[in-house]
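Colleague: I am new to this structure and should like to learn how to read its features. May we go through them in turn?

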Amino acid sequence: AALTPVPRSLEGRHVVVTAGPTHEPIDPVRYIANRSSGKQGFAIAAALARRGGRVTLIAGPVDLPTPANVVRQDVQTASEMAKAVEAALPADAAVMVAAVADWRAADISAQKLKKGDDAPAPLRLARNVDILATLAHDRRRPRLLIGFAAETEQVLDHAQAKRRRKGADWIVANDVSGDVMGGDSNTVHLITADDIESWESLAKIAVAERLADRIADAL
Ligand code: CTP
Ligand code: CA
């Protein structure tokens with residue numbers, strides 16, 4: 001069903017959106033990843049563009065079509081995503097929807113790892129850069145910085161702490177203990193400095209439309 005037309009409330013604004021998982025290579029044929037489908041982030045990029053915003057969508061590896069009027073840049077790793085975000089600045093707002101891998105393999109093997117006859121070698125991990133927290137302290141920090149928080153327990157407490165710790169203006173908290181990842185609907189809480197708004201369970205497209213309206217109001 002076609003969406004009803006909306007006012008061009010984001011005309012002249014630039015918004016950066018990150019979406020999808022990242023893939024962190026272990027060797028030429030293996031990687032660390034997560035279950036993010038990218039659907040929520042792509043829907044947000046589409047909703048922002050529908051309102052006339054200039055949207056840069058930095059996408060991890062997902063199998064989704066590019067939304068209309070969105071400039072998309074594909075990346076694989078957290079480190080590539082961080083560079084792409086920096087290169088996309090300045091922006092009026094950034095919405096960090098990507099499920100960025102927290103760790104990468106400390107050493108990437110140039111050749112396929114062989115299983116051999118011995119006990120498996122432990123996989124050594126290194127911490128990835130926190131793209132959202134880095135952007136929060138950037139001199140080109142967007143005026144409105146929005147993070148997502150996927151939690152499986154103590155959703156509101158963890159998300160409120162995350163908002164402060166990372167220096168985001170808003171956090172969209174979602175409970176991923178059910179089948180949210182990959183599914184078409186989402187139950188979220190919009191956490192701001194002084195308020196928590198709990199939205200009813202909505203299609204990801206509806207979450208995106210509502211969030212885009214809130215972003216337009218705030219800008
Ligand atoms: N994020 C990011 N860069 C990272 C990790 C996370 O930009 N390396 C962003 C996500 O895009 C999201 C927000 O930070 O907007 C919260 O991600 P989340 O994984 O929930 O937070 P973490 O700080 O990684 O905490 P946790 O230990 O719960 O994974
Ligand atoms: Ca994380």
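This is a predicted model: local features need pLDDT of at least 70, side-chain atom pairs count only at pLDDT 80 or more; totals for chains, interfaces and linings use all residues.

Colleague: Let us begin with charged side chains. How many salt bridges are there?

Modeller: A salt bridge is counted when a side-chain nitrogen of Lys or Arg lies within 4 Å of a carboxyl oxygen of Asp or Glu. By that rule the count is 15 salt bridges. One of them joins the side chains of E11 and R8, with N to O at 2.7 Å.

Colleague: Is E11 buried, partly exposed or exposed, and why?

Modeller: Relative accessible area decides the matter: under 20% is buried, over 50% is exposed, and partly exposed lies in between. E11 has a relative accessible area of 48%, and therefore counts as partly exposed.

Colleague: Which residue forms a salt bridge with R124, and where do the two lie?

Modeller: The partner of R124 is D107, and their closest N and O atoms are 3.0 Å apart. Both residues are in the loop between β7 (103-105) and β8 (125-127), 17 residues apart, and the pair links distant parts of the chain. R124 and D107 are both exposed.

Colleague: What does the salt bridge between R141 and D169 tie together?

Modeller: In this pair the closest N and O atoms are 3.1 Å apart. R141 belongs to the loop between α3 (131-136) and β9 (144-151), and D169 to the loop between α4 (155-166) and β10 (170-175), so the bridge ties together parts that are 28 residues apart in sequence. R141 is partly exposed because its relative accessibility is 25%. D169, at 24% relative accessibility, is likewise partly exposed.

Colleague: Which residues are linked in a network of salt bridges?

Modeller: Such a network links R50, R51, E209 and D213.

Colleague: Let us turn to burial. Why does T18 count as buried, and what does T18 touch?

Modeller: T18 lies in strand β1 (residues 14-19). Its relative accessibility is 2%, so T18 counts as buried. Leaving aside residues up to four places away in sequence, T18 touches I58, M81, V85, V95, M96, V97 and A98. D175, which lies in strand β10, counts as partly exposed because its relative accessibility is 31%.

Colleague: What are the protein donors of the calcium ion, ligand 2?

Modeller: D102 supplies them: the donors are listed as D102 (OD) and D102 (OD), lying 2.4 to 2.5 Å from the ion. D102 is in the loop between β6 (93-96) and β7. Water is not among the atoms, so a metal site may look incomplete.

Colleague: Which residues make the nonpolar surface patch?

Modeller: W103, L123 and L125 make a nonpolar patch of about 310 Å². L125 lies in strand β8.

Colleague: How should helix α5 be read, and which of its residues are buried?

Modeller: An α-helix has 3.6 residues a turn, so residues three or four places apart point the same way. Helix α5 (residues 204-218) has 15 residues, which at 1.5 Å a residue should span 21 Å. The end C-alpha atoms of α5 are 21 Å apart, in agreement with that expectation. The buried residues in α5 are K204, V207, A208, E209, L211, A212, I215 and A216.

Key
Residues are numbered from 1 along each chain as its sequence is written. Chains are lettered from A and ligands numbered from 1 in the order in which they are written. Side-chain values use heavy atoms; hydrogens and water are left out. Buried means under 20% relative accessible area, exposed over 50%, partly exposed in between (1.4 Å probe, protein chains only). Helices (H or I, at least four residues) and strands (E, at least two) are DSSP runs, numbered from the N terminus. Donors are N, O and S atoms within 2.8 Å of the metal (3.2 Å for Na, K and Ca); water is not among the atoms, so sites may look incomplete. Contact means heavy atoms within 4.5 Å. Patches are made of residues with over 30% relative accessible area and no salt bridge: like charges are joined within 9 Å, nonpolar side chains (Val, Leu, Ile, Met, Phe, Trp, Tyr) within 5 Å. Accessible areas come from the Shrake-Rupley method with a 1.4 Å probe; for residues, only the protein chains shown count as cover. The expected span of a helix is 1.5 Å times one less than its number of residues.
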